[in-house]
Amino acid sequence: MLEARWLRRVTLRLRTLFQRDRVERELEAEFQFHMDQRIELEIARGLSPAEARLAALRAMDGLQQRKEECRDMRRVNRIDDLWRDLQYAGRSLHRSPGFTTLTVLIMALGIGGNTAVFSLVNQILLHPPGVSEPQRIAVVRTKYAKLNLDFELASPPALADARANKQIFEHAGAARLLSINYADRSVPVRLPGAAVSAEWFDVFGARPSLGRVFTADEDQPNANRVVVLAYDAWLRLFGGDPGVVGRTIELNQQPYEMIGVMGRDFHQPRAVDVWVPLALPPQAFASQNWFNGSLSVMFRTQPEVSFAQAEAWLKWNAERVAAAAPSNLRGLVKNWGWGMRASRFADSNAGNTKTPMLILLGAVGLVLLIACANIAGLMLARTSARTRELAVRAALGAGRGRLLRQILSESLVLALAGGVAGVLLARGSMKLLLRLAPESAVSGLAARLDVFVLLFATITTLAAGLFFGLAPAWQSSRVDPYHALKRGGRGVSGARQGLRSGLVVAEAALALVLLVAAGLFLRSFARLQTVNPGFDPRGVVTAAYSLPPASANPVKQAAFARNVLDHLQGAKGVTAASIGWPIPFSNDLEGAAFRIEGRSLPAGEAVPQGERRWVTPDYLRTLRIRLERGRFFGDLDRADTEPVLVIDETLARQYWPDEDPLGKRIQPMSGEGWYTIVGTVDHVMQSDLAGDTGRGVFYASLYQRPTAMGSILVKTSGDRSAAAAAIRDAVRAADPKLPLYDIKPMEALLANSLAPRRFAMRLLGLFAAAALLLAALGLYGVLTFAVTERTREIGIRIALGAERGALLRLVVGQGLRLAAAGVAIGIAAAGLFGRLIESQLFEVRAFDPLTIAVMVCALMAAALLASWLPARRAMRADPAVTLRYE
Amino acid sequence: MSKPADLVQGTLDLLLLKIVALEPLHAWAISQRLKQVSGEVLQVSDGSLYPALHKLEQEGWIKAEWKVTENGRRAKFYSLTRPGRRAFEREAANWERLSGAISQVVRLSEA
């Protein structure tokens, strides 16, 4: 029975949709029949035919409106109307191509920009490519509360404990970065690689696109001569040949079997070309190794386990381990405040780009908001010019809701057209973003439109369409047909003008917020470039090397270093050459704790610590670091002479505030002997111009204590590429199979450290410029429209002898008043926005009067220009023409 | 109270269902019949009759057919469907309950 009723209803709906003409004719006929009957009745009551007709119409109380109500009862009207509204909107927009093009263009830029920035945020923060369910991945951190240290490293026992706890963790994996020399080709290359445990790929849910990944059996010492290639490396080195699986290559002078190629998107750890098994020996998991955190350890939680639960377990386990620490390590645990915690993978992956990315997303959102306000203003102007058309439609029976929907569908069509154009544009702008963005933040990211980005674009488009369509729709639905038609559709209500002025004020305010933010970033950046890093990077070229494990022999390492530097001494244009490791701004740090001779450490006190560097004697001369006191290293500091150290002023101030550090002895806690301090040098910034780590540095002689890794530094008076070539020649002479990498001018290292800021600054500048342009355009539009509407009034004024200068002041004054109102609101809003970006500023306050003053001037200048153009038009009005035109 | 427009919300549907339950009628005849049987008390304005009828039709409670009237013109005749009859019974029962309750309250003697 119920089905029968539904069948009937569906049949009726379908009939209405597909036999519209017939249904319409029947409606006409039904009403006609009624009217005839009523007229007949009234005539029978004694009225004249004409009077009877009027009476019948009165009784119906709006014949067309009643018909429309009957149509509404059919329900399908909504679909039907929507379709017709969209068609009508399309036709009506087609008739004003200028307006349509401008609006779609503004929308396209707004949506395109937002989509592009969101795609970056999506790939960095929300859905890192190649990683499934990133919310289930936790990154283990080791914390030394007393040392104020906190890093994403953990030890093998921490990995083993998590791997054993299947209730909480589905997978646990560890990785350690490796530098691998690959020498199958004529030119040796260095491949960034990682040694990973067998479950590493499972933690990320990553699958190979070819072959397989490691088995647990291969993750064992001496069974580990297998390698998995990254997709990009596979393309680069082997041209994407699927036949490589099963073949053998030589890495670090050892044969490895290639067993698989990873999926295209997987880049964990970042930017590696090859993965080999970590193959930890069983003794690495012994409990005294708990505090040797040198692995990047990540967990994948079980599906129903939350991040908080996983972190709670980690903390609890760390407390358990600390309490059970062997007596020789208990002091260390206590004095250093050892503990463990976790961070979410997405946060760790984003690193310090998280805040700048969110600021940029906010900024580009503001640009879209301004664009919407702009389009709303244009649409208001348009609807007010169409008052007559709307009034006619209202008089013909269109209800308020219908008119509202019609205008809304017009804005929907505009928004969708803009959205589609924007998405097409987004691909291009994504590529641009990736090129502008700092390499470290976006390596491995691609300009790709995935489901999330498209969803974001769709929602943003619809929201924007609704936003800029609502005000005009509401206005138009209040059209009063009686007055509108009587006035010939010319009148404009003050409220509408007010609404549009309000939009312009909001645009100016938002534009000022963006201008000020961009100004603050610019000033911060300018300040940063004047920061003295403590050394002179000019003319210095660096190149890194990593000696293979086969030459893990101090004598060979020292001989190599001497050999390379001897070759460089005589090279043309080279004024100084040295080797250092790690070098400033290379993002390598080597922290070390030490003991001071003759001092005992009170319980609970932090252990002395600093950054450790290994350098050759000419290091100071190459980087022009000043020797403060004592001496630096000489050629005579050798493995068999007295071990010596040079410390920097920061370390000297920290640990020998009232003493002379020269001649004092310290012992690094890595189990070496005592070193005598023989000199002090100036402090050098480590990795960030915006903030020093505050940690002191101690230098050891690389000839006395050789290292496998090193960066060759060459100071040149001439051409940098010649210096780079000289380094290559010197290394080839010393070891023809050793590859060099990161061959860069020292200035580039410094510039790279500023890359995230430069990116944010440039993008913010771009957004601010767009905002300024849109706000000026909005003001121009409103004033032009006001002038056109007041043509008659202006004509009369001129006819009555008004001075043209006064007219100019009238229009320009109106424009500047609106802009000034926007400025007032904008200054307050800029203060609020400033707090959000404060963390990214350097030596500039979030509320910086100078920046605000400059940006207010820029905004007012743009406003002046935008109002002067329509004012000129008003001034030139010819009263004879304008009055006749009416 | 006697103005037709003041018909209690929902009661118009009930009245229309009852009238067409007696015999298939066109809209004009329905309005005349309603006036007639209620002794001129209940009147539906011409304007509100049609939307109401169209609504009932879309609900599937009444169905429409084009037939020839006694004076030879074609008109749209409405008749009750089976779901319409059940709907009417439900509505009528509701109405009985409601009007009974209201009468009781109204007849309460003041203490």
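Modeller: Let me begin with a definition: a crossing of two helices is left-handed if the near helix is turned anticlockwise from the far one by less than a right angle, and right-handed if clockwise. Helices (H or I, at least four residues) and strands (E, at least two) are DSSP runs, numbered from the N terminus. This is a predicted model, in which local features need pLDDT of at least 70 and side-chain atom pairs count only at pLDDT 80 or more, while totals for chains, interfaces and linings use all residues. Residues are numbered from 1 along each chain as its sequence is written, and chains are lettered from A and ligands numbered from 1 in the order in which they are written.

Biologist: Which hand does the crossing of α1(B) and α4(B) have?

Modeller: The crossing of α1(B) and α4(B) is left-handed. The axes of α1 (residues 11-22) and α4 (residues 82-107) of chain B come within 10 Å and cross at roughly 130°, where axes are lines fitted to C-alpha atoms, for helices over the stretch in contact, and angles run from 0 to 180 degrees between N-to-C directions. Angles under 35 degrees count as roughly parallel, over 145 as roughly antiparallel, 65 to 115 as roughly perpendicular and the rest as oblique, and α1(B) and α4(B) are therefore oblique to each other.

Biologist: Which residues of α1(B) make the contact?

Modeller: On α1(B) they are B:D13, B:L14, B:L17, B:K18 and B:A21, and their partners on α4(B) include B:F88 and B:W95; two residues are in contact if their C-beta atoms, placed from the backbone, lie within 7 Å.

Biologist: What about chain A, and at what angle do α20(A) and α23(A) pack?

Modeller: Helix α20 (residues 554-569) and helix α23 (residues 720-734) of chain A pack at about 135°, with their axes 8 Å apart, and that makes α20(A) oblique to α23(A). Here the crossing is right-handed. The contact of α20(A) with α23(A) divides into 9 nonpolar, 2 polar and 1 charged residues, where Ala, Val, Leu, Ile, Met, Phe, Trp, Tyr, Cys and Pro count as nonpolar, Asp, Glu, Lys and Arg as charged, and the others, Gly among them, as polar.

Biologist: And where do the two chains meet, or rather, how many residues does each chain give to the contact?

Modeller: Chain A gives 21 residues and chain B gives 16 residues. On the side of chain A that touches chain B, the largest share, 6 residues, comes from α2(A), and by class that side has 7 nonpolar, 3 polar and 11 charged residues.

Biologist: How confident is the predictor about the complex and about chain B?

Modeller: For the complex, the predictor gives an ipTM of 0.83 and a pTM of 0.77. Chain B averages a pLDDT of 82, with 89% of the residues scoring at least 70, where pLDDT is the predictor's confidence in each residue, from 0 to 100. Over residues 1-6 of chain B, however, the pLDDT is below 50.
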